[in-house]
Amino acid sequence: MVYVLNRQRAVRLNGRRWSRFALRVLQELGVSHRDVSLVFVSDVAMRRLNRQFRGKDRPTDVLAFPCDPLEGIDCDYLGDVVVSVETARRQAAHHRIRLERELKNLIIHGLAHLCGYDHETDTGEMRRLERRLRRRLISSSGTGKARRQKD
């Protein structure tokens with residue numbers, strides 16, 4: 001199950017739509033039996049999280065918080081993906097793509113992190129995975145090319 005929390009007011013979002021999209025990503029990743037939370041936040045909230053958990057005093061586009069179950073306890077909860085809608089909107093404008101497409105890119109990126117992929121330490125596996133998922137799950141509508149996400 002995908003839980004969607006909208007904690008920002010800049011953009012009206014359809015929680016069911018984003019839940020369905022995230023579930024499709026989880027299916028492609030082979031973990032559709034796992035639960036996740038998808039949280040949409042403002043830049044102010046994202047900056048606070050980025051400062052607290054990464055030591056970077058600025059907003060970022062997406063953060064992933066994997067569930068860390070207690071040793072020996074099986075957990076169906078994969079973790080949380082937090083997306084700054086304001087940052088996503090700026091990035092979409094910069095890359096001349098629709099906000100919806102940028103949000104999808106960020107959700108794919110965050111869910112890949114929850115599944116253990118790490119573009120900072122791998123040899124391109126995460127980038128290739130994201131490219132494949134974007135081709136399968138994001139329509140070619142809108143302008144601009146799909147691109148590799150930064151963290």
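# Chat about a predicted model

Me: Which way do strand 3 and strand 4 run against each other, and how many bridges join them?
Reply: This is a predicted model. In the model, strand 3 (residues 62–66) and strand 4 run antiparallel, and 5 bridges join them.

Me: Which residues stand opposite each other there?
Reply: Leu63 stands opposite Val82 in strand 4. Another such pair is Ala64 and Val81, the latter in strand 4.

Me: What about strand 2, parallel or antiparallel to strand 4?
Reply: Parallel: strand 2 (residues 35–41) pairs with strand 4 over 7 bridges. Asp35 stands opposite Tyr77 of strand 4.

Me: In what order do the strands of the sheet come?
Reply: The open sheet has 4 strands in the order 1-2-4-3, with mixed pairing. Strand 1 (2–6) and strand 3 are at the edges and have a single partner strand each, so one side of each has no neighbour in the sheet. On average, neighbouring strands are turned by 15° against each other, ignoring direction.

Me: Which strands does helix 2 touch?
Reply: Helix 2 (residues 43–54) packs on the sheet and touches strand 2, strand 3 and strand 4. Its direction makes about 50° with that of strand 3.

Me: And helix 4, what does that touch?
Reply: Helix 4 also packs on the sheet, where it touches strand 2, strand 3 and strand 4. The direction of helix 4 makes about 145° with that of strand 4.

Me: Is strand 4 mostly covered or mostly open?
Reply: Mostly covered: of the 8 residues in strand 4 (residues 77–84), 6 are buried.

Me: Which residues does Val83 contact?
Reply: Leaving aside neighbours within four places in sequence, its contacts include Leu38, Phe40, Met46, Leu103 and Ile107.

Me: How many residues are in the largest nonpolar core?
Reply: That core has 31 residues, and those with the most contacts inside it are Leu38, Phe40, Val83, Ile107 and Leu111. Two or more residues each come from helix 1, strand 2, strand 4, helix 3, helix 4 and helix 5 (125–137). Helix 4 gives the most, with 7 residues. Another core lies apart from this one and has 6 residues, among them Val39, Ala45, Met46 and Leu63.

Me: Switching to Ser37: buried or exposed?
Reply: Ser37 is buried, with a relative accessible area of 10%, and lies in strand 2. Its side chain is joined to that of Tyr77 by a polar contact of 2.6 Å. Not counting residues up to four places away in sequence, Ser37 touches Tyr3, Tyr77, Gly79, Asp80 and Val81.

Me: How many aromatic pairs are there?
Reply: A search of the whole structure finds 3. In one of them, the ring centres of Trp18 and Phe21 are 6.4 Å apart and the planes are at 80°, so that pair is edge-to-face. Both residues lie in helix 1 (residues 15–29), 3 residues apart, which is about one turn of the helix. Trp18 is buried at 5% relative accessible area, and Phe21 is buried at 4%. Together with Phe40, Trp18 and Phe21 form one aromatic cluster.

Me: Last one: where is Arg96?
Reply: Arg96 is in the loop between helix 3 (85–95) and helix 4 (99–114). Arg96 is exposed, with a relative accessible area of 65%. Its phi is near 55°, a positive value in a residue other than glycine. Most residues other than glycine have a negative phi.

Terms used. Residues are numbered from 1 along each chain as its sequence is written. This is a predicted model: local features need pLDDT of at least 70, side-chain atom pairs count only at pLDDT 80 or more; totals for chains, interfaces and linings use all residues. Side-chain values use heavy atoms; hydrogens and water are left out. Rings of Phe, Tyr and Trp (its six-membered ring) pair if their centres lie within 6.5 Å; planes under 30 degrees apart count as stacked, over 60 as edge-to-face and the rest as tilted. Buried means under 20% relative accessible area, exposed over 50%, partly exposed in between (1.4 Å probe, protein chains only). Two strands pair if DSSP finds at least two bridges between them. A polar contact is a pair of N or O atoms within 3.5 Å; within protein, one must be able to donate a hydrogen and the other to accept it, and residues adjacent in sequence count only if both atoms are side-chain atoms. Contact means heavy atoms within 4.5 Å. A nonpolar core is a set of buried Ala, Val, Leu, Ile, Met, Phe, Trp, Tyr and Cys residues joined through side-chain atoms within 4.5 Å. Axes are lines fitted to C-alpha atoms, for helices over the stretch in contact, and angles run from 0 to 180 degrees between N-to-C directions.
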